[in-house]
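Hi everyone, thanks for coming. Let's take a few minutes to look at a structure together, starting with its strands.

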Amino acid sequence: MRIIEQSELTAGQKARIVELWNAEYPLTLAHRKDSEFDEYLNGLSRKRHFLLFGESDELIGWAITFDRDGGRWFAIIIDGRTKGKGYGTRLIDKLKETESRLFGWVIDHSNSLKLNGDRYISPLGFYKKIGFSVCPGERIENHKMSGVKIEWNALI
């Protein structure tokens, strides 16, 4: 397992991340075309990509940090076939090495479906276990997702 940090993605990396995104996130967040993922990335400033490669050197996870609303935010995806092996924790630990405070939006229910028809399971418990806390009263509610804002702060 290795993690590479870089400022830009290759076309092949983007294609694999879109594949992971569409497989792991709820249907409402799916990027049906690579161009939709490009639009998402183009809307972010000061991006840092973190690519997680497994034993066979396959890209099995991706995280990104970026600036939004005066803070440093993140998003992460791990290949569902590798969940429970500590890869998500390792990738988040890498983000924590580069940042002192991080924010994210997390779906806090398991009512959504993924593209393959499986139920999306909220990762909120995972984030709490690794040191994130829910920001009281801060929610996102729109046609794409319903969730809570989380924060990790190295100083707390």
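Which residue in S4 is the bridge partner of arginine 68? The partner is glycine 71. Before I go on, this is a predicted model, where local features need pLDDT of at least 70, side-chain atom pairs count only at pLDDT 80 or more, and totals for chains, interfaces and linings use all residues. Residues are numbered from 1 along each chain as its sequence is written, and side-chain values use heavy atoms, leaving out hydrogens and water.

A quick word on names: strands (E, at least two residues) and helices (H or I, at least four) are DSSP runs, numbered from the N terminus. Strands pair if DSSP finds at least two bridges between them.

Now back to our strands. S3 and S4 run antiparallel, joined by eight bridges. Their hairpin has two residues between the strands, and aspartate 69 there takes a positive phi near 50°. Arginine 48 stands opposite threonine 65 in S3. This hairpin has five residues between its strands, and aspartate 57 in the turn has a positive phi of about 65°.

So is S3 enclosed or open? Eight of its ten residues are buried (under 20% relative accessible area, with a 1.4 Å probe and protein chains only), so S3 is largely enclosed by the rest of the structure.

Of its 24 residues, Phe37 and Trp62 touch the most other members.

Definitions and conventions: A nonpolar core is a set of buried Ala, Val, Leu, Ile, Met, Phe, Trp, Tyr and Cys residues joined through side-chain atoms within 4.5 Å. Buried means under 20% relative accessible area, exposed over 50%, partly exposed in between (1.4 Å probe, protein chains only).
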